[in-house]
Amino acid sequence: MFELPPLLLALAFILVGLSTWFLGRRNSAARTVRLPRDYYVGLEHLINDRFDHAAEIFARMAEADDDAVEIQFALGSLFRRRGEVDRAIAIHSRLRDQGAGPLREKAAYALALDYQGAGLMDRAERVLEELSTSREYRRLALDGLLAIHEAQGDWAKALKVYNDLPQPVQQERARVAAHYLCELAEQALLQGDAERARTLLRQARTHATDLPRADILAARLAERGGDLQAALPLYLRALETTPGLALEVVPAVLDIARRIHRDDVLPELGRRLADGGELSPRQLAWLLATAVPPEEIARLPGVTAELADGAGGAADAGTLGALLTRIGDAGGRYQCAECGLNSVGWFWRCPKCRAWDSLRPAVFKWAGRTDHALHPY
Ligand SMILES: [Zn+2]
């Protein structure tokens, strides 16, 4: 299929549309000659990058023909995308107040997007809540509400909306619901309400069985209750399912090992991470080099050899570990697998693209390079 450049295609649409429209008006049958609806919809998609010209033409058309509802919608969304949210809100409010049935709902949804664009989240929330009773806009409204509640960290509300989603969608997003419950458990933990935290974690596990986040929180609960013996296997299980958590979890594991005088924990940790089979020996070694203090690394013989190899045989393992840590602290220990965001701190949900469980230790990538030299940038 041949493709016209978008601008050319947009101009062609505009020309065809305008000539039809003017012809219609000159024949004094302006109200009977209507442009095909696709014209407007197609135009709306096509002119994404030609805001100034398109807005001018649309404004003129809408002015001349007040009933041209589709033009007004196109104009409204154009204003929103240009950042002129006030004008978009004015257009969509009028359409909502004047329209009936489906038109009113369409305008309400556009208005919710305007409010979101303007950062008026409480207003967006109100409009979307009203729309959630609509047959046609229910799913869009629920998704919009979820986005708002997630962005505001209102996990209780997010969970409530999740429960309103159709069953198949709920199953698809079960892990996200588990995260909501873990967020709530974390809050309960902060407030010192261990019992509530425990209940929420139990609920989280009903949505997803392997849940390292729930393991870590349960381990912290056990630690807080003084039960270090119970905390240890929970931390280890979290690491086994998600080795990428090493930087967050290994210090806690080593701390417990010290306090309960167990020498075998570090080697066991290395074994468990290796047994997962997810990591190459180099990835494992470099991960541990950043997560385990240099003086302890020496107790992991295989890792030491791999590290010496990575450092070109010249430097010792501790030096490589220190170097990796320094690079991580400067440029980000983690990277989002979805959007590439670099981050020094750990997030269960990427702050940029908002994907859950998408952060990976940056050393995985560096260690995966074939040249074996340490050039992370
Ligand atoms: Zn991301």
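**Zinc site**

I began with the angles at the zinc ion: its four donor atoms subtend 106 to 114°, which makes the arrangement tetrahedral. For four donors, tetrahedral requires all angles between 85 and 135 degrees. This is a predicted model, in which local features need pLDDT of at least 70 and side-chain atom pairs count only at pLDDT 80 or more, while totals for chains, interfaces and linings use all residues. I number residues from 1 along each chain as its sequence is written, and side-chain values use heavy atoms, with hydrogens and water left out.

Next I looked up the donors. They are the SG atoms of Cys 336, Cys 339, Cys 350 and Cys 353, lying 2.3 Å from the zinc ion. A donor is an N, O or S atom within 2.8 Å of the metal (3.2 Å for Na, K and Ca); water is not among the atoms, so sites may look incomplete. Along the chain the donors of the zinc ion follow the spacing C-x2-C-x10-C-x2-C.

Cys 336 has 3% relative accessibility and counts as buried. Cys 339 is partly exposed at 29%. The cut-offs are under 20% relative accessible area for buried and over 50% for exposed, with partly exposed in between (1.4 Å probe, protein chains only).

**Confidence and whole chain**

The mean pLDDT is 82, and 77% of the residues reach 70 or more. pLDDT is the predictor's confidence in each residue, from 0 to 100. Residues 28-33 fall below 50; beyond near neighbours in sequence, this stretch has seven contacts in the model. A contact means heavy atoms within 4.5 Å.

I noted 21 helices and three strands in the chain. These are DSSP runs numbered from the N terminus: helices are H or I with at least four residues, strands are E with at least two. Of the 377 residues, 46% are buried. Among contacts with a separation of 6 or more, 52% join residues 24 or more positions apart. The chain exposes about 19500 Å², and carbon and sulfur atoms supply 53% of it. Accessible areas come from the Shrake-Rupley method with a 1.4 Å probe; for residues, only the protein chains shown count as cover.

**The sheet**

The three strands form an open sheet in the order β2-β1-β3, with antiparallel pairing. Two strands pair if DSSP finds at least two bridges between them. The edge strands are β2 (342-343) and β3 (359-361), each pairing on one side only. Strand β1 (residues 334-336) pairs with β3 over three bridges. The zinc donor Cys 336 stands opposite Leu 359 in β3.

Ser 343 sits in β2 and is buried at 7%. Leaving aside neighbours within four places in sequence, Ser 343 touches Gly 332, Arg 333, Tyr 334 and Leu 359. Pro 361 lies in β3 and is buried at 2%. Not counting residues up to four places away, Pro 361 is in contact with Gly 244, Leu 287, Arg 333 and Tyr 334. Pro 361 and Gly 244 are 117 residues apart in sequence, yet their C-alpha atoms are 5.7 Å apart.

Leu 189 belongs to helix α11 (residues 174-190) and is buried at 4%. I listed its contacts beyond four places in sequence: Ala 197, Leu 217, Arg 220, Leu 221 and Arg 224.

In helix α16 (residues 265-275) the buried residues are Val 265, Leu 266, Glu 268, Leu 269, Gly 270 and Leu 273. Their cover includes α14 (228-241), α15 (246-259), α17 (281-291) and α18 (294-297). Just after α16, Gly 277 takes a positive phi of about 70°.

Most residues other than glycine have a negative phi. I found His 261 with a positive phi of about 55°. His 261 lies in the loop between α15 and α16 and is exposed at 69%. Asp 357 also has a positive phi, near 55°. Its loop runs between β2 and β3, and Asp 357 is partly exposed at 27%.

Key: Tetrahedral: all angles 85-135°; square planar, octahedral: opposite > 155°, others 65-115°.
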